[in-house]
Amino acid sequence: MVWSAAVEEFQLLYLNPAAEAVHGYPVSSFLSNPDLWLEVVHPADRHQMIHFFDQLLVAGSLNIEYRILRPDGEIRWLKNRGHVITGDQGRPHRLDGIIYDITEQKRAQAQLIHDAFHDELTGLPNRNLMMERISQSLKRQHRTSDYQFALLFIDLDRFKIINDSLGHIVGDQLLVAIAHLLENCVRTSDTVARLGGDEFTILLDGIQGIEDAIHVAERILETLKSPFQVGEHSVFTGSSIGIAYNSVQYDDPTLLLRDADIAMYRAKSLGKGCFVVFSPEMHAQTLSLLKLERDLRSAVDRQEFVLYYQPIIDLQSGDLTDVEVLVRWQHPDRGLVMPSEFIPLAEETGLIVEIGQWVLQEACQTLRDYQQQFASATELKFSVNLSSEQLQDPNFIQTVDRVLSQSGLDGRYLKLELTESMLMSHEEKHIKTLQQLRDRSITISLDDFGTGYSSLSYLYRFPLDTLKIDQSFVSRMISEPKDAEIVNTIISLARTLNMDVIAEGIETEEEVLHLKKLGCERGQGYWFSPPMSQEKLEEHLQAGPQWFVQQQPMNPNFSFLAPSTSPIVDVQN
């Protein structure tokens with residue numbers, strides 16, 4: 001649009017035909033009604049437009065952006081570039097200008113801004129906008145002492161399984177459904193955001209207390225108990241929720257998000273499907289865990305691990321037949337660190353694969369050396385625990401082949417232990433892997449049998465050789481008839497399936513006698529020996545295969561004595 005106006009009272013002198021296409025009014029309307037120029041301006045921008053011409057006269061040239069309202073109700077953005085035309089004596093004579101319709105440009109900018117602050121899949125605010133909203137809440141908290149707010153950090157449980165099994169399209173549809181559900185669980189004044197993946201946050205604005213946040217968390221958990229109908233699939237998913245509350249004084253929005261995240265992970269560690277309210281102690285524990293992770297990575301590089309060995313005894317003869325190999329971390333400052341403290345972290349960080357390879361290599365080489373060194377070790381077998389990550393490692397079989405080749409150990413002297421939970425996913429792949437191990441004459445043991453799924457289909461489908469009765473049943477079988485029956489059933493089941501059976505956690509003579517009576521072949525536990533160092537194991541191998549010195553029996557029906565009283569490092573299994 002091109003326009004020209006007299007300086008006095010802004011009398012319009014010229015307006016080209018483009019004005020009608022932009023404004024929706026004919027040019028004659030503007031020429032006949034001097035006020036129409038201002039009347040079409042959006043009420044919110046009218047004030048600055050009134051002062052535009054006064055400022056133009058002072059500045060000589062000036063730009064302004066403003067909105068107009070067309071007769072059909074459409075809003076358009078215009079950019080007006082005005083210039084003062086002076087006369088012979090330098091006095092303002094006329095105002096000329098060009099107006100550009102910048103509506104599409106403004107819409108594109110608005111879309112860019114929206115995209116920068118919203119999640120593309122769900123349309124929810126994203127991390128950027130959430131951090132901005134948290135910053136606003138923190139500023140309001142500093143201004144108003146009684147203002148309270150809370151942040152919920154929500155992570156979906158089992159979402160990866162849904163994504164992997166049903167596909168990413170179903171996973172995306174589920175995320176959209178979850179987004180709508182979360183919005184329906186809160187007020188319009190609250191902010192629901194998707195941080196990415198299956199992580200969501202909710203900023204509860206202006207609450208009365210932490211009880212309001214807890215109520216919202218409980219409502220979400222209860223609502224998520226119902227299935228989602230995604231296409232032809234009925235999908236169940238729960239969530240773990242962490243709550244950070246502004247009872248802690250925050251200055252940085254990232255710290256509030258961090259603490260809500262810490263609380264969420266605590267909820268996951270408690271078994272998922274629950275919520276946890278953050279406390280400062282949790283942050284201290286997280287820092288400790290981070291230090292442990294740094295130390296663990298250094299331990300892998302420096303090979304700070306050592307092996308301990310727990311004997312597995314033939315309950316009839318008292319001979320040493322197998323040894324379970326257990327890893328310990330020889331920390332340079334803390335001393336011996338138990339696997340219960342670092343193995344879960346190693347699994348979470350993926351370091352367990354490298355640690356497991358080291359254990360396997362060290363165990364096979366040690367056993368091969370013993371077979372050549374001690375006559376009592378020629379038929380000895382070492383049992384090594386596997387992690388789920390190792391079993392899923394595509395190079396696992398190649399690793400086993402390399403270890404056996406380098407150590408010179410025959411595969412029939414190696415046992416690999418796994419748990420029932422490891423068999424739950426990727427069944428066909430695991431069956432193939434275990435069969436490949438069996439082809440190498442390696443024995444496969446199912447550890448802690450009876451505490452997991454205990455599905456007979458696993459015993460039938462998977463190539464297994466040994467069942468290990470969990471110590472929880474062994475420790476209660478004398479006092480609890482039901483546990484005694486479970487132990488008897490497992491032994492009978494193993495015999496029927498032509499499998500060996502080993503009882504774990506034996507601690508008393510009475511347990512040994514009862515297991516012998518039930519026909520259990522072998523056992524391990526503190527009654528025989530706690531896990532011991534390599535030096536102590538070598539002492540026993542030097543003495544011979546008989547683990548006990550037969551003297552006067554403690555029980556006339558018992559064929560060997562209690563374990564040797566020689567000093568053994570007492571370390572938890």
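Modeller: A residue is called exposed when its relative accessible area is over 50%, buried when under 20%, and partly exposed in between, using a 1.4 Å probe and the protein chains only. Asn 498 is exposed, at 72% relative accessibility. Its phi is positive, near 60 degrees, although Asn 498 is not a glycine. Asn 498 sits in the loop that joins α19 (481-496) to β20 (500-503); helices are DSSP runs of H or I with at least four residues, strands are runs of E with at least two, and both are numbered from the N terminus.

Lys 272, also not a glycine, has a positive phi of about 65 degrees. Lys 272 is found between α10 (253-269) and β12 (275-277), in a loop, and is partly exposed, at 43% relative accessible area.

The model is predicted, and its local features need pLDDT of at least 70, whereas side-chain atom pairs need 80 or more and totals for chains, interfaces and linings use all residues. Residues count from 1 along each chain as its sequence is written, and side-chain values use heavy atoms, without hydrogens and water.

Two or more lining residues each come from α13 (351-373) and α15 (396-407). The largest share, four residues, is from α13.
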